[in-house]
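Hi there,

Here is the structure I promised to pass on.

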Amino acid sequence: QVQLVESGGGLVQAGGSLRLSCAASGIIFSIYRMGWYRQAPGKQRELVATITSGRSTNYGDSVKGRFTISRDNAKNTVYLQMSSLKPEDTAVYYCNAEKVRGVLSYDYWGQGTQVTVSS
């Protein structure tokens, strides 16, 4: 059974930092593209950052230069270091694991962790 368990969310003041973690089990972690997405109330889920098995990264425009995604394959964990946080970063942050093999797609989500940034 695949599980993605996020942790590290909480309440922080604007300008502060948080580090989110997502521990994966039930998958061969190293071959999955891992990602963070977020969803604020009344808004669609949006990309925050992804990191491939080869450690190539991609970021949403709103977080470039402030957030850093990384992975530790030995610990089956992906991290999101968030700095210079803004109130508009307030959202539920979800961990994602994705693998595509030809016509087959494997896509898993965590339960989410709340991040609240106060002004």
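This is a predicted model: local features need pLDDT of at least 70, side-chain atom pairs count only at pLDDT 80 or more; totals for chains, interfaces and linings use all residues.

**The open sheet**

Four strands make up an open sheet, ordered S1-S3-S8-S7, with antiparallel pairing. Strand S1 (3–7) and strand S7 (67–72) are at the edges with a single partner strand each, so one side of each has no neighbour in the sheet. On average, and ignoring direction, neighbouring strands here are turned by 15 degrees against each other. Within this sheet, S3 pairs with strand S8 (residues 77–82) through six bridges, in the antiparallel sense.

**The hairpin**

Strand S9 (residues 91–101) and strand S10 (residues 104–109) run antiparallel and are joined by six bridges. Two residues lie between the strands of this hairpin, and Gly102 has a positive phi near 65 degrees. Ala97 has Tyr108 in S10 as its bridge partner, and Tyr108 comes up again below.

**The aromatic pairs**

How many aromatic pairs does the structure hold? There are two. One is formed by Tyr32 and Tyr108, which are tilted, with 6.2 Å centre to centre and 45 degrees between the planes. Tyr32 is in the loop between strand S3 (18–25) and strand S4 (33–39) while Tyr108 is in strand S10, so this pair ties together parts 76 residues apart in sequence. Tyr32 counts as buried because its relative accessibility is 5%, whereas Tyr108, at 26%, counts as partly exposed.

The other pair is Tyr37 with Trp109, an edge-to-face arrangement at 5.1 Å centre to centre and 65 degrees between the planes. This pair also links distant parts of the chain, with Tyr37 in strand S4 and Trp109 in strand S10, 72 residues apart. Is Tyr37 buried or exposed? With 15% relative accessibility, Tyr37 counts as buried. Trp109, at 35% relative accessibility, is partly exposed.

**Charges over rings**

Two more contacts are worth a look on screen. Arg71 has its charged end over the ring of Phe29, 4.7 Å from the ring's centre. Lys99 lies over the face of Tyr106, at 4.7 Å from the ring centre.

Happy to go through any of this with you.

Best wishes

Notes. Residues are numbered from 1 along each chain as its sequence is written. Side-chain values use heavy atoms; hydrogens and water are left out. Two strands pair if DSSP finds at least two bridges between them. Rings of Phe, Tyr and Trp (its six-membered ring) pair if their centres lie within 6.5 Å; planes under 30 degrees apart count as stacked, over 60 as edge-to-face and the rest as tilted. Buried means under 20% relative accessible area, exposed over 50%, partly exposed in between (1.4 Å probe, protein chains only). A charge sits over a ring if NZ of Lys or CZ of Arg is within 6 Å of the ring centre and within 35 degrees of the ring normal. Axes are lines fitted to C-alpha atoms, for helices over the stretch in contact, and angles run from 0 to 180 degrees between N-to-C directions.
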